[in-house]
Amino acid sequence: VRIAAPGGVQLCAAVHRVQHVTPPPAAAALAVVVTHPHPKLGGSMRDFVVGSVAEGCVRGGVCGVVVRFSFRGVHPSTGACTWSGSDEREDVRAVCGYVRDTLGYHRVVLVGYSFGAAVAASVADSIPEVVAYAALSYPKGWWASWLFSHLYPLAASAKPKLFVCGDADQFAAISTLSAFVEELPEPRELVVVPRADHFWGRRVHLLLDALLPWLERIAASPPSSSSSSAQPSAATAPPATAPA
């Protein structure tokens, strides 16, 4: 599908609907929007991790619909991409608006990977229909800070948030990321996956092992009049290490 974004940009997106039993579970009312790695470094909605997350959400039945899209400047989306993610923030808002107005979902979870994690986390608090966000391989390191330092303070949302990172991530120092997450408002959770790098490869199933149960808890949490007050049904876990 095509989604209109500011500046006359047309975003290319894929919509994956989840088949549920009748009556549908609470998860059927939840939409998941997945954002991809850096456009200037080859990122697109066809990325391996993005595809694995979308497929995992559909097979796991943790939501009613999954939407993945290519940021502006990534063919066949139109427009020009940026290094800093400033314009891509508007893309996320546009896609969430499409999910609300066209697909009819009023509870959205942003699941961002790499660059997409920094961008998604930076807008989660400003989009009313977003009830939580997950940041996979969030780029919090020396090199990444040159590009995304302006986005880091914007991740400080009171909405539930999950960070999942490999302990061999090339773009995030675990000690730096852990300190960053600890400074964010609760509820928050950090899961560190042993022997996983930024690209996940054969460890991607461990990423899904952390993400999917968290999404189930978000889906089971009662809707509220204010997205920022949405809470998962289970208490937020402290920083954890995933099984090897």
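Helix 1 and helix 6 are oblique to each other. That is where I want to start. One caution before the details: this is a predicted model.

Two packed helices are described by the angle between their axes and the distance between the axes. So here are both values. The axes of helix 1, residues 48-60, and helix 6, residues 204-220, come within 10 Å. They cross at roughly 45°.

Which residues make the contact? From helix 1, we have Phe48, Val49, Ser52, Val53, Gly56 and Cys57. From helix 6, we have Val204, Leu207, Leu208, Leu211, Leu212 and Leu215. By class, 10 are nonpolar and two are polar. No charged residue takes part in this contact.

Next, the backbone. Most residues other than glycine have a negative phi, and most peptide bonds are trans.

Take the peptide bonds. Histidine 75 to proline 76 is cis, with omega near 10°. Proline 76 sits in the loop between strand 4 (65-69) and helix 2 (88-101). Glutamate 186 to proline 187 is also cis, with omega near 0°. Proline 187 belongs to the loop between helix 5 (174-182) and strand 8 (188-193).

Now phi. Serine 114 is not a glycine, yet its phi is positive, about 60°. You will find serine 114 in the loop between strand 5 (108-113) and helix 3 (115-123). Serine 137 also has a positive phi, about 55°. Its loop runs between strand 6 (130-136) and helix 4 (142-148).

Are these two serines buried or exposed? Serine 114 has a relative accessible area of 10%, so it counts as buried. Serine 137 is at 0%, so it is buried too.

On to the aromatics. A search of the whole structure finds 12 aromatic pairs.

The ring centres are 5.8 Å apart and the planes stand at 50°, so the pair is tilted. Tryptophan 143 is in helix 4, and phenylalanine 171 is in the loop between strand 7 (161-166) and helix 5.

Phenylalanine 199 lies in the loop between strand 8 and helix 6. Again the partners are 28 residues apart in sequence, so the pair ties together separate parts.

Which residues form it? Tyr133, Tyr138, Tyr152, Phe163 and Phe180.

Last, alanine 26. It is in the loop between strand 2 (9-17) and strand 3 (31-35). Its relative accessibility is 46%, so alanine 26 counts as partly exposed. From alanine 26 to tyrosine 113 is 87 residues in sequence and 25 Å in space, C-alpha to C-alpha.

That is the tour. Thanks.

Terms used. Residues numbered from 1 in each chain as written. Predicted model: local features only at pLDDT ≥ 70, side-chain atom pairs only at ≥ 80, totals over all residues. Heavy atoms only, no water. Helix = DSSP H or I, 4+ residues; strand = E, 2+ residues; numbered from the N terminus. Buried < 20%, exposed > 50% of the residue type's maximum accessible area, 1.4 Å probe, protein only. Axes fitted to C-alpha atoms, helices over the stretch in contact; angles between N-to-C directions. Parallel < 35°, antiparallel > 145°, perpendicular 65-115°, else oblique. Contact = heavy atoms within 4.5 Å. Nonpolar A, V, L, I, M, F, W, Y, C, P; charged D, E, K, R; others polar. Phe/Tyr/Trp six-rings, centres within 6.5 Å; stacked < 30°, edge-to-face > 60°.
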